[in-house]
Structure formats: structure tokens, C-alpha cells
Amino acid sequence: MRILSWNINGVRTLPQYHPWNTFKTFREILTHLQADIVCFQEMKTARNGLDRNIAVPDPFDGYFSFPVNKGGYSGVAIYTDSRTVAPLKAEEGLSGTVQPKPPLSEDERISRHYPCANEMNLIPDEHGNKPSELTSLDTEGRALVLDLGLFVLINVYCPNETSDSRLPFKMNYHLMLQERVGKLINEGRDVIVVGDINICATPLDHCDGHLASNAATFYDHPARAWFRNWLSPNGCMTDAVRTFWPCRKGMYTCWNTKICARETNYGTRVDYILVTRGILPWIKHGDIQPSFKGSDHCPIYIDLHDEITTDDGRKLCLGEVMSRPAEGKTAAVPRLAARCWDEFSGKQTLLSAFFSKGARVSTAASASDSSSSPSGSPSASQASVISSSTASNAPDAVLPDRTESLDLANPLLIHESRSPTGESSSAGPTGAIKTGVGEQERIPSKPPTGPPKRKLTDVPAARTKPNKKLRPAGGSSAAGKGTLDAFFATPQPSRPSQSQSRPSPPQSQSQANGDPLASDCDPHSPNSDYQLALHLSLCLDEDVLCAPGPSQTVDSQTPSTLSKSAIEPSQCRSSGSKAAWSKLMAPIEPPKCNVHGEPAKLYTVNKPGPNKGKTFYICSRPVGPGYDKGRGERPRDEVDHRYRCNFFKWASEVRRESASSSSSSLPSASSSQK
């Protein structure tokens, strides 16, 4: 048997990554994990947003805990394979105060004793107030508890220390977890705690733990000190995965994806499987699975023996000491399972069922009427045809979904292909109705008694608005939407009336005649600005060829002197203008970092604040152990220059420097043209 734990960072985010995007159902994802018990953290969903595919992926039974106030936040889930695992009891939360409706009875509860705030040494908040009850700690959907006979399984997602004010909440939640496990041990139960604890147990579990500045003060953090005292040999819990890899380095389960830390395995180990001493003989193996992508965490697992031999020589089978369903039978599940919810057990109709594709009018009423009708009345099958043919005249009838291709640009075609009721049909002389599916003879319905509905063609012409997209490009409406070349266009002189009455050739004909301006200066062309730049550069060269020398006139120049005095300056002007235009249109080159001399990488600020949306450049090298965080963050003797340096520059500064350099080069180009 395999028990797997994974912080998936959103149940709807996981199917967007390979190989999970190749599976059609959530059941295939669970099957691919090859585990009998799958524990997820950070589901980030709510009960009303959970569909059947995720809630009841047969043959798995799902158990869920959602936050009370925050939607799409936190949340944990446990999936058990009903073919191999049969949970006896299930609870939500650690304090015993989170109850379903109706509340759990004494027989449905896992424990007889639960944590109490008065018996715990809780930490006060920033205002000096200690929690008087534990309900506030247990309303964020962070824990699920299952009784599996041999042991009690706790899937937990402990809070993260996002700020200093959050530290008391985090510590009090850890203390509540420790108290719940301690009470279960006092009742004689073995416990397995899986999930995201959000604490590094030892310096070996941190990417910078080997540095001298961190190793000396590693256990000064109160959460790390508490975790150290809870684990063996000081405490009652054992890190099951670390027992198989006591000296393994780089065994991390979480990485910061914002800085691409997974590429260099610059992460931390915050996901654990903790067991009591009575479970240690059953554990066969344990490891992490860093090759599984789709989240900023990776899965961890342990395998249990099918059979063990005790110290007194007795053989114990896992199937005998653990609750397992009988072969070929499905065991009853606790009431907390999603299979027992009203929306998934058939007791409550989902709202989405009314909007499902292909919903048809129910014919049960017509069938019952036909059974009580006289012999001359039509049969039940004929009544269904009648009800379907008359459903179009009923204002409240629910018609089946149809997908028809119509020419929306021609309203006459729509009117001819649709009847006044909206169905695509046309009646022939014999009363047959032709539909998009086929032809079928139906009993003609009675003519409507009310006033006839106005057809689409009866709409007055004044109310019919022309399509704006079909207006010609040269119309008055397009005058205010011209491109950059409209400001540089030469006004055309007025033509005589005879030429005005002559029709202008189409655009395709002007392009066929070889007119370069017909395609290059088209205002509706996507590259019109680029073509305009080339056109201005050519016009500048032509002006140079036609211009006389400084001390000559056009009449006094001979062809030889004209070519000598005009062509040579035109070559200089042409090269200068092309260089200026190419420099103006070229993309901005990224700056180079100071340490490595490599092009920096562009990033965008996503954190809320005054700088949100701004772009900046930092060193393009990946992060790693000892990368330069800055002089205030890391001592200089611990910096490893193989990784990212502390180069930083706003993109606006880079653009200003690029603009100033391009403007300083323009006078030199103009001086070369003179």
C-alpha cells in the first residue's frame, strides 16, 4: 500500500501541465499517481465549485475540507481507493468544533478527547490577546482526519509565515496539531501525519542551510525550535522519509517558481510524512518524486509492507489489521465523504442540470394522457411527435440545443431559413416539415389564434442600422482612424468633372499595374508605418538627386557635373538616413550585468503597490546556493558568482539611455549629409 502527499497549488491548475493535461478525467490523474491513499493540499476551491469529476472519481472516495470565509484559498482533500481502503470514520479539522449538518454522533467521532484552548500554552497576538477557543484556527480548511483501523491519518496544511503578525497564528496551529496527536497517542492509537508543515526540520533541508551565517542561527526561529522538539529523538514523531535517506543532500520538495529556482534545485523541504513509533515496522520505503511537475511542490510517499513479523514471531497481514473492503464488495463510507453529499447522492438536483446540453421537453405527461385517452386517440409514440412539433409554439418550452450556420450579413436569408418561431424549417405543400436533421411528416398544428407576429422584414428601414464593419475605407467614418501615413500624404489636386465621373480602377488593378504606393502606403496595411519609413527614406534620396549644388544652378550644370556633385552627396545622405531609421526602429538592447557581462533578463512587477506593472532587468543567470541577494542580505564571503548577481535596473532607465544615445548620433548623421 502506498500513501502519497502533494501540495498541488490548485486543483484546476494541475491539469494544465504535462502529463496531467493528457488525461481526460480526474480519475486518470489519481490512477497515474499509483497510490492507494492520495492526500492533497491547497485545493483552492469551494464546495459549490466542485464538479462530479473531481468530487466522486470512481472508484476513489473523496473527503474535503474547505475554508469557511475565504473562497479559492487553502483546502485539503484525501482520496482513498475503495477497492483497497475502507475508512471507518472521518472528521474535518483538528479541534472537533467543525461539524457537518447534522453534527457527528459519539459513534461517528474518531476521538473521545479533543484539544482545548485552556489546556494549551498558546502564544498571544501582536495586541497581547490569547485565543480563548480554537474555532478560529480551524476554519481555514487545513486538516482532515481519517480512521483507518491500524492508524489515524491526518492530512494537514499548516499556515505559512507571510508576515510577523501571522506568526502567532502559525505557532498556535502547530500547538493544536501537537495536542491532537498527543491525545490520540494517549488513547492508544498510532498516527500518521502527512502534508505541508511549512517548516524546515534541519539545515540539511534548506538550500542555504550549509552557509555559516544560517547554520549558527537556524533554530532561533520559534517554529523550527518547536518542530525540532516534536521530532525524534526529542519528540514522539519520526520523519519517515528521512529515515531512509539520513545524509541525502538536495532532497527538497518546494521551490520558488518566480525566480526559476527549480532549474538549479534551489529549494526547501517542507513536506513531510511523520509517523509514531508503532508504524515504523510497517514502512517499507519512502522518497520524494521531483520529476512530477504541475506545482511548486513535488509529491512524497511511503510504501507499507503487506505482511510483517512481530518480535514474538507472529505474522500480521496488512489487510487483517487495517480496514479493507471485502473482495468484490463496496464498503460503507463515512458521512463526510463526497459520495454522501446531497448533490452527488441523487437527493438534490444541481442547477447545472437545467442548462445541460441537449435538454428536451419531458414527454411523461403526454404518455400518461395517451394511456387514459379513448381508442381513437394517437399512441404514446405519436403523442411524443405531436408534443415536439407543437413545442415551438409554446412560449415556455425548452428546445434542444442546435448549432446552425447562418449568414448573419444577409437578413433575408435568415428570414427564409427560419420560421417566425425561430426554428430552421420550411413547410412544403403536403405539410411536411424539413429540418436540418432530416424530413419527417408531422400532424399540422392549429393556426395561431392571436395576432400574427411581425416578421424580420417588417422592421422599418429607419430602425435598420448599417453595419459599421462593411463601410468603405474611404468613407467619412474612417477619416478619424487613419494611420501615421495619413499625416504625410500629399493632397491631390482637384480634377475636372470629366475625370471625376470616370470610375477609378480597383485596388487589385493598380497593384497589377505595378504601382508601388498602392501596396506600400496602404493605410489599412498592418506594416503601413514601416512602409512609410522606407518611402520617406527614398523620397529623401530623390530630393538629393534633384537638388543643385551650392554654387551652381540647374541650367549651368552639365550631366557630368550633375552626376559628380549630386550622386556622391546622395550616397552619403542615403547611408546616413538608413542608419538613423534603422537605429530608431531597432528594439532596445538589454543591458549587461556588471559581474558576468551577460545580457540581463526582463521581468514585470506583479506585487500590488505603486510599482505594479513596471518592468525591470536583473541578471539572467539562475539562482543557486550562495547567489548574491545584496550586501544587506548575504555576506560577501558567502557569495557564489556562478549564480545570479545583484544587478538591477529599471526598464525606463534603459529606454532613456537608449533614446539619449540615439539622439546624440543623429547630429553626426546630419552633419555627414551636409
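## Surroundings of Asn7

Beyond its neighbours within four places in sequence, Asn7 makes contact with Gln41, Glu42, Tyr157, Asp196, Asp271, Ser295 and His297, where contact means heavy atoms within 4.5 Å. Asn7 belongs to strand S1; strands (E, at least two residues) and helices (H or I, at least four) are DSSP runs numbered from the N terminus. Its relative accessible area is 0%, so Asn7 is buried; buried means under 20% relative accessible area, exposed over 50%, and partly exposed in between, with a 1.4 Å probe and protein chains only. A polar atom of the Asn7 side chain lies 3.2 Å from the backbone nitrogen of Asn9.

## Basis of the values

This is a predicted model, in which local features need pLDDT of at least 70 and side-chain atom pairs count only at pLDDT 80 or more, while totals for chains, interfaces and linings use all residues. Residues are numbered from 1 along each chain as its sequence is written, and side-chain values use heavy atoms, leaving out hydrogens and water.

## Recorded binding site

Under "binding site", an unreviewed UniProt entry lists Asn7, Glu42, Asp196, Asn198, Asp296 and His297; positions follow the numbering used here, feature names are shortened, and annotations may be inferred rather than shown by experiment. These residues span 291 residues in sequence, yet no two of their C-alpha atoms are more than 13.0 Å apart, so they gather at one spot.

Asn198 is in the loop between strand S8 (191-196) and helix H4 (212-215). Asn198 counts as buried because its relative accessibility is 18%. Apart from neighbours within four places in sequence, Asn198 is in contact with Tyr157, Cys158, Pro159, Asn160, Lys170 and Val270. The backbone oxygen of Cys158 lies 2.9 Å from a polar atom of the Asn198 side chain.

## Helix H1

Phe26, Ile29, Leu30 and Leu33 are buried in helix H1 (residues 26-33). Viewed down the axis of H1, the buried residues fall within an arc of 95°, so they line one face of the helix; the arc is that of the directions from the helix axis to the C-beta atoms. Their cover includes strands S1 (2-7), S2 (37-41), S3 (60-65) and S4 (76-81), as well as helix H2 (52-55).

## Nonpolar cores

The largest nonpolar core has 45 residues, and those with the most contacts inside it are Ile37, Phe151, Leu153, Ile192, Leu304 and Met322. Such a core is a set of buried Ala, Val, Leu, Ile, Met, Phe, Trp, Tyr and Cys residues joined through side-chain atoms within 4.5 Å. Strand S14 (residues 300-304) gives the most to this core, with three residues.

Note on methods. A polar contact is a pair of N or O atoms within 3.5 Å; within protein, one must be able to donate a hydrogen and the other to accept it, and residues adjacent in sequence count only if both atoms are side-chain atoms.
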